[in-house]
There are 2 protein chains.
Amino acid sequence: MNDYDVQKDASDKYSLRGRVFNKIREDILSGKYAQSEELKENTIGVELGVSRTPVREALRQLELEGLVTIIPNKGAYVTGISEKDMHDIYIIRSYLEGLCARWACEHITQAQIDELEEIVYLTEFHAKKDHHEQIVELDNKFHETIYEASQSKILNHVLSDFHHYVQRIRKITLASESRAVNSNKEHSAILDAIKNRNGDEAERLAHEHIMNTIKNITDQGLSLYS
Amino acid sequence: MNDYDVQKDASDKYSLRGRVFNKIREDILSGKYAQSEELKENTIGVELGVSRTPVREALRQLELEGLVTIIPNKGAYVTGISEKDMHDIYIIRSYLEGLCARWACEHITQAQIDELEEIVYLTEFHAKKDHHEQIVELDNKFHETIYEASQSKILNHVLSDFHHYVQRIRKITLASESRAVNSNKEHSAILDAIKNRNGDEAERLAHEHIMNTIKNITDQGLSLYS
DNA sequence: AATGGTATAATTGTATACAATCAGACAGTA
DNA sequence: TACTGTCTGATTGTATACAATTATACCATT
């Protein structure tokens with residue numbers, strides 16, 4: 001009757017299921033759950049203050065993403081990803097980001113080019129001042145813009161999926177100022193190739209860009225999965 | 001304590017949800033549902049003789065696969081895939097199958113090599129006799145074996161996802177005897193490269209193999225999405 | 001006729017009830 | 001002890017109930 005007891009959780013952008021989904025994924029990727037740990041619907045539901053239903057739906061989605069393995073009538077188990085998996089993801093991305101840059105050459109709009117130029121410019125600025133937060137944000141934006149510029153729903157989808165996995169790593173690598181600067185130079189070169197509609201060059205540079213990221217991490221003795 | 005060996009190998013009988021999921025996906029890919037058509041949980045449930053619950057779960061999974069778009073509190077709508085999407089999938093696959101063959105060079109077991117040789121041999125036999133059914137089956141097997149030989153969980157996962165989309169096309173292309181023969185010759189060449197542990201060659205051949213498939217379809221005036 | 005508001009219906013979101021299945025304990029037997 | 005069958009509790013699979021939200025139809029007002 002009275003409209004006062006409405007949900008105060010104003011982030012109506014995400015449904016309950018969406019929030020549960022993100023929470024569990026985050027917990028898996030962050031290592032809160034051990035490998036092969038059983039994820040009980042009821043336990044998680046109680047933990048998050050929701051019923052089993054949204055938890056079930058989230059687990060089914062995570063199964064499709066490969067983070068969870070469901071054995072019928074038995075349970076859901078954490079599959080997680082190993083360091084090798086992370087390495088594989090980077091290699092795969094190096095190919096696909098290359099292809100993506102090539103397609104972007106063919107389909108990019110002037111507005112998108114402008115946006116990329118702005119991103120490169122701003123990154124240069126923030127890199128000097130060591131603004132980690134903004135740098136990571138801009139890095140994401142740069143790649144996402146190229147995903148969209150490829151005008152390939154499928155490729156965008158695949159690369160965006162991987163995005164969740166590499167998110168944490170980006171924060172680490174870009175914390176090094178020198179890498180942030182170099183990374184931005186590479187972005188700038190990729191952008192130039194795209195502006196010149198040089199597909200071969202764009203593909204090659206984007207491919208190398210990812211490979212350099214791997215090299216940077218391993219050179220520092222860091223792990224891709226930390 | 002004991003590590004619970006989570007088996008992904010799904011010889012599992014499909015749950016209701018699994019069947020509903022496959023059915024809806026099939027119906028979307030086959031064009032039974034029009035683009036942007038609303039998928040009502042209740043309607044589909046009644047149609048398949050199940051309640052809303054498994055239908056909901058299936059729709060949520062399909063959303064993650066990109067075949068369905070869910071607008072919160074409103075409904076689920078068919079996103080489907082266009083002919084361009086199919087073309088993109090083939091191009092993406094050409095890269096990833098190449099990478100997969102490269103990795104297979106590094107990790108393949110003797111048993112898997114034996115299996116591939118058997119597949120090539122049997123395909124040659126069935127191609128002569130125009131046994132479509134078996135040819136398609138063997139074609140699938142060939143590719144899946146290489147996916148596994150790559151020993152990359154991630155790459156296997158991505159390529160297996162695409163598999164569903166190209167399944168229908170394979171049946172069409174391989175119906176042409178000449179293509180079936182040529183395709184098998186290409187398989188044989190890829191296998192040779194893998195046996196010689198020649199990564200560059202294997203990647204190049206596997207890449208070309210997919211590109212030839214596209215060429216074959218378009219040359220026949222066929223569509224990738226039919 | 002056009003507009004706007006309200007009641008009503010349809011649909012989704014979540015919670016819960018019940019059935020099916022599975023794991024582990026325990027007792028009986030040899 | 002080793003084996004085996006049954007019971008019990010726990011957990012998942014599905015169906016259904018109810019709440020929240022959205023769409024639609026209808027009437028009143030202008």
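In the predicted model, B:Ile89 has a relative accessibility of 0% and therefore counts as buried, since the cut-off for a buried residue is under 20% relative accessible area. This residue lies in helix H4 of chain B. Apart from residues up to four places away in sequence, B:Ile89 touches B:Phe162, B:Tyr165 and B:Val166 of its own chain, and A:Ile154 of the other chain.

B:Arg17 itself takes part in a salt bridge with A:Glu63, in which the closest N and O atoms are 3.6 Å apart. Across the interface of chain B and chain A, five salt bridges are found. Polar contacts between chain B and chain A number 16 residue pairs, both residues of each pair being at pLDDT 80 or more. On the side of chain B that touches chain A, the elements giving two or more residues are helix H1 (16–29), helix H3 (52–65), helix H4 (83–107) and helix H7 (153–173) of chain B. Of these, H4(B) gives the most, with eleven residues. Sorted by class, this side of chain B holds 16 nonpolar residues, 14 charged residues and eight polar residues.

The contact as a whole draws 38 residues from chain A and 38 residues from chain B. Together the two chains bury about 3500 Å² between them, and 63% of this area is on carbon and sulfur atoms. Within chain B, the residues that lose the most area to chain A are B:Leu64, B:Tyr95 and B:Ile154, which together account for 19% of what that side buries.

Chain B also contains paired strands. S2(B) pairs with strand S3 (residues 75–78) of chain B in the antiparallel sense, over four bridges. One of the residues involved is B:Ile70, whose bridge partner in S3(B) is B:Ala76. The two strands, S2(B) and S3(B), form a hairpin with three residues between them, and B:Asn73 in the turn has a positive phi of about 65°. In a regular strand, side chains alternate between the two faces of the sheet. Strand S2 (residues 68–71) of chain B has B:Val68 and B:Ile70 on a covered face, whereas B:Thr69 and B:Ile71 are on an uncovered one.

Methods:
Residues are numbered from 1 along each chain as its sequence is written. Chains are lettered from A and ligands numbered from 1 in the order in which they are written. This is a predicted model: local features need pLDDT of at least 70, side-chain atom pairs count only at pLDDT 80 or more; totals for chains, interfaces and linings use all residues. Side-chain values use heavy atoms; hydrogens and water are left out. Contact means heavy atoms within 4.5 Å. Buried area is the accessible area (1.4 Å probe) that two parts lose on being put together, summed over both. A salt bridge is a side-chain nitrogen of Lys or Arg within 4 Å of a carboxyl oxygen of Asp or Glu. A polar contact is a pair of N or O atoms within 3.5 Å; within protein, one must be able to donate a hydrogen and the other to accept it, and residues adjacent in sequence count only if both atoms are side-chain atoms. Ala, Val, Leu, Ile, Met, Phe, Trp, Tyr, Cys and Pro count as nonpolar, Asp, Glu, Lys and Arg as charged, and the others, Gly among them, as polar. Buried means under 20% relative accessible area, exposed over 50%, partly exposed in between (1.4 Å probe, protein chains only). Two strands pair if DSSP finds at least two bridges between them.
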